Amino acid sequence: MGANGEPQEQQPQEEAGQLVTVLSFTDPAISMDLLRAVLQPSINEEIQTVFNKYMKFFQKAAFNVKENVGEDVDPEQLIHEVCRNCLEQAKQLFTDAEKMGARPGCDLPGVKRTKQMDEESSQRGSPVPKKKKGRPPGPNMPPERVPYNPHISKPRSTEPVKREGPKWDPSRLTEATRFVLGSRANKALGMGGTRGRIYTKHPELFKYAADPQDKHWLAERQHMKATGGKMAYLLIEDDIQDLAVSEDYRESPDLRLDELKPFVVPHWMVEKMQQYMEVVRTERD
C-alpha cells in the first residue's frame with residue numbers, strides 16, 4: 001500500500017496520466033512510446049495473469065506430446081513457444097482495418113496462401129492442382145530429415161514415467177514445504193559436472209518450472225540470480241534428501257547436501273505448483 005492508502009499497482013496509471021499532460025506532440029510516435037514505456041510493467045503483469053489462467057491446458061498438452069514422442073521433447077519449451085505464438089496472433093487485434101479487409105484475420109500459417117491460390121485459380125477457370133503425396137522416407141534418408149509428427153508414437157525403450165503415489169498428491173504441498181533449486185540439487189547429489197542430469201536420471205521427481213513471476217520473487221529474495229529467459233526448476237527438498245540416503249548416493253564421495261540451501265515459497269506459488277501437479281500426475285482418482 002502506498003502512503004495515501006491506495007495500492008501500489010495504481011502508480012503506473014498515475015504516472016501515465018501525468019505524462020499525458022506534458023508530452024510533446026511534435027513527434028507522435030515518440031510521445032506514444034513514452035506513454036507505453038510507463039504502462040508496460042502493469043500491462044506485463046496483466047498479460048501474465050491471463051496466461052496463468054490457460055497454463056494448465058498448455059501444460060497438459062505439452063506433457064501429452066512428450067509421452068507420445070519421447071524424452072527428447074522439452075514440455076517447457078513447447079509451452080513457451082505456444083505462449084509466444086499466442087502473442088503473435090494477438091497482434092492481429094490491432095491490425096489496421098484497411099489491411100484486414102472485411103474479415104478479421106486469424107488464419108493459421110499456410111492457410112492464407114492456400115486461399116490466395118484458390119482465388120487465382122477460380123479467376124483462371126482451372127482447378128487448383130492437387131499436391132502429390134510424398135513417399136515415405138527411404139532407407140538412405142538421414143534420420144534428422146524425417147518430418148516431425150506429434151501424433152506418431154516413438155518407440156520407447158523404457159516404461160512411461162509414472163507420476164503417482166503419495167509424493168504426487170497435491171495436498172502434500174503446503175506453505176511449510178521446503179524447496180530447492182534443481183541446479184543446486186544436481187550439485188548436491190554429485191552431478192554438478194553434468195548440468196540437468198538429475199532430471200534425466202530421476203524423471204519421476206516432482207519438478208516445477210518457475211514462471212517469470214516466480215523467478216522475480218526468487219531473485220528478489222536472493223534464492224537465485226536473475227536468469228532472464230533461462231529455465232529455473234524447483235524440486236522438493238524431502239525428495240532430494242530421500243535420494244541422498246538411497247543406495248545410489250549414500251556412499252558417494254561427491255555428496256554435498258550443504259549445497260541445497262532450501263527455502264519456503266508463498267501461498268500463491270504453492271497453489272500454482274498444486275495445479276501443475278494435478279495436471280501432470282498419471283494417477284487419477
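1. Two strands are taken to pair if DSSP finds at least two bridges between them. Helices (H or I, at least four residues) and strands (E, at least two) are DSSP runs, numbered from the N terminus. On this basis, the bridge partner of Ala209 in S3 is Tyr233.

2. The model is predicted: local features need pLDDT of at least 70 and side-chain atom pairs count only at pLDDT 80 or more, whereas totals for chains, interfaces and linings use all residues. Residues are numbered from 1 along each chain as its sequence is written, and side-chain values use heavy atoms, with hydrogens and water left out.

3. Overall composition. The protein has 10 helices and 3 strands, and along the sequence these follow the pattern α-α-α-α-α-β-α-α-β-α-β-α-α. Of the 285 residues, 27% are buried (under 20% relative accessible area; exposed is over 50% and partly exposed lies in between, with a 1.4 Å probe and protein chains only). The accessible surface is about 20,300 Å², and carbon and sulfur atoms contribute 54% of it; such areas come from the Shrake-Rupley method with a 1.4 Å probe, and for residues only the protein chains shown count as cover. Among contacts (heavy atoms within 4.5 Å) with a separation of 6 or more, 69% join residues 24 or more positions apart.

4. The sheet. Three strands form an open sheet in the order S1-S3-S2, with antiparallel pairing. Strand S1 (179-181) and strand S2 (208-209) are at the edges, each with a single partner strand, so one side of each has no neighbour in the sheet. S1 is joined to S3 by 3 bridges, and Leu181 has Leu234 as its bridge partner in S3. S2 pairs with strand S3 (residues 233-236) over 2 bridges, and Tyr208 stands opposite Leu234 in S3. Both faces of S3 are covered: Tyr233 and Leu235 are buried on one side, Leu234 and Ile236 on the other.

5. Aromatic pairs. The structure holds 5 aromatic pairs. Rings of Phe, Tyr and Trp (its six-membered ring) pair if their centres lie within 6.5 Å; planes under 30 degrees apart count as stacked, over 60 as edge-to-face and the rest as tilted. Phe63 and Tyr276 make an edge-to-face pair, at 5.9 Å centre to centre with 65° between the planes. This pair links distant parts of the chain, as Phe63 belongs to helix H2 (residues 28-69) and Tyr276 to helix H10 (residues 267-280), 213 residues apart. Phe63 and Tyr276 are both buried. One aromatic cluster comprises Phe63, Trp168, Phe206, Tyr208 and Tyr276.

6. A lysine over two rings. Lys207 lies over the face of Tyr199, 4.7 Å from the ring centre, and also over the face of Tyr233, at 4.4 Å from the ring centre. A charge sits over a ring if NZ of Lys or CZ of Arg is within 6 Å of the ring centre and within 35 degrees of the ring normal.

7. Arg163. Where is Arg163 found? Arg163 occupies the loop between helix H5 (111-124) and S1. Is Arg163 buried or exposed? Arg163 is buried, with a relative accessible area of 7%. Apart from neighbours within four places in sequence, Arg163 is in contact with Phe63, Glu67, Trp168, Pro203, Val280, Arg281, Thr282 and Glu283.
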